[in-house]
Each structure stands twice: as C-alpha cells, then as structure tokens.
Amino acid sequence: MILPIVGYGDPVLRKVGEEITPEYPNLKETIANMYETMYNAYGVGLAAQQVGLNIRLFVIDTTPFGEDEDLPLEVQSQLIGFKRTFINAKMLKEEGELWSFNEGCLSIPDVREEVYRNERITIEYCDENFNVKTEVFDGLIARVIQHEYDHIEGILFTDLISTLKRQLNKKKLQNIMDGKARPDYRMKFCNKKGR
C-alpha cells in the first residue's frame, strides 16, 4: 500500500526513532509498504519517520543511481540492485574525506542542496529477519545510508547546509508546511490536510 509521505515541518521528522523488536506489529507489511511508497515517489531511500512512524527503520534501493551513465561502470554495477532494510541501525564510524553531493528528500520536495558527508561508514543494523550485521559502505551507497540514518536521528539534510542556503530556501520550506508543494506523490502536510 502506498502511504502518504510526511512533509517538512511535521514533528515526527524531528524525533529520534525508537528501537523495535521482531514482534513490532505488522512489521513485514510496514516494510513492504515503505518500499512501495519509495518506488512510487521515485526515491532511493525512505525512513519510517517519513511515513509517520517514530521507529528505527529505513529502506534503500540505489538502483536508480546505478542507471546514471555518467558514473563509471564499476560504480553503476555496485548501485544496481543494492536494496537493503535497516532496523535499529547504529552508526559506528564515519570516516574518509568529506565530499559534496546535491541531495534532495521526499519529505522536502523541490529543495535540493549540496551536502558534505564522509565517504565511508561502518554501520551495525538488523535486516528484515533481525539478523545483526556490521558492514562498511562507501560512495553513493554510504551517502544514501547516511541520509536515511539522519532521519531516524531526527535530522534533515537542510540541517546540514549553510545558514544562508537555509534562508534562501525559507519560502519553499514554508510552502511545504502550508501544503502548497505539488510533488507527483501523496503527501501529508503539517499545516494542511493531506492531498
């Protein structure tokens, strides 16, 4: 089922997610709905907070990035088919050089800015079957994971841009809160009933 995506300004986007257990109600259905919602909005990642749930869960599928012919073939092949579910994730290490990439967010439509992140991460998480994993990722995969991990920590990519850039985007952000944004997917706005 495609869920409405929570828009910028909703308090749930600022909450640190709570850990869950395998007994979390309808977990498999929730994960399936999140993937369906992400694909419907042409996203590469979606955190539970973005569908109104305050839990430590996010999903990613970097395949759309892998279809970018400007990337080296080796990078494309890493990105295509990289699909993961992260439950109760803990960032253990962020290292390497900071590098810039133009990021956007399904909860913040029509706003894109350069964000600096570390090139390599080590993260511990449970997969959808609650198998605990510790893995190292780099490049665009690490970036997508960092972006979604920030969501479960109550952080948005707009928090990571300069004060000037935030000021320049102030009107767009207010329009999202007021329900004036018109993306091609269903949203729930904090100051207006969903569309």
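This is a predicted model: local features need pLDDT of at least 70, side-chain atom pairs count only at pLDDT 80 or more; totals for chains, interfaces and linings use all residues.
I counted secondary structure first: the protein has six helices and seven strands. I took helices (H or I, at least four residues) and strands (E, at least two) as DSSP runs, numbered from the N terminus. Residues are numbered from 1 along each chain as its sequence is written, and side-chain values use heavy atoms, with hydrogens and water left out.

**Overall form**

I read the order of elements along the sequence as β-α-β-β-α-α-β-β-β-α-α-α-β. I then looked up the radius of gyration, taken over C-alpha atoms, with the globule rule of 2.2 Å times the number of residues to the power 0.38. For 195 residues a compact globule would come near 16 Å, and the protein has 16 Å, which agrees. The C-alpha trace spans about 40 × 40 × 30 Å along its principal axes.

I checked contacts (heavy atoms within 4.5 Å). Of those between residues at least 6 apart in sequence, 66% join residues at least 24 apart.

**Surface and charge**

I noted that 48% of the 195 residues are buried, where buried means under 20% relative accessible area, exposed over 50% and partly exposed in between (1.4 Å probe, protein chains only). The accessible surface, by the Shrake-Rupley method with a 1.4 Å probe, comes to about 10,000 Å², and 51% of it belongs to carbon and sulfur atoms.

For charges I counted Lys and Arg as positive and Asp and Glu as negative, without His and the chain ends. I placed each charge at NZ of Lys, CZ of Arg, CG of Asp or CD of Glu. The mean positions of the 25 positive and 31 negative charges are 9 Å apart.

**Aromatic pairs**

I paired rings of Phe, Tyr and Trp (its six-membered ring) if their centres lie within 6.5 Å; planes under 30 degrees apart count as stacked, over 60 as edge-to-face and the rest as tilted. By this rule I found six aromatic pairs. Phe-58 and Phe-86 are stacked, because their ring centres are 4.7 Å apart and their planes are at 10°. Phe-58 lies in strand E3 (residues 57-61) and Phe-86 in strand E4 (residues 83-105), so this pair ties together parts 28 residues apart in sequence. Phe-58 is buried at a relative accessible area of 0%, and Phe-86 is buried, also with 0%.

Phe-86 also pairs with Tyr-125; this pair is tilted, at 4.3 Å centre to centre and 45° between the planes. Tyr-125 sits in strand E5 (residues 108-126), 39 residues from Phe-86. Tyr-125 is buried, as is Phe-86.
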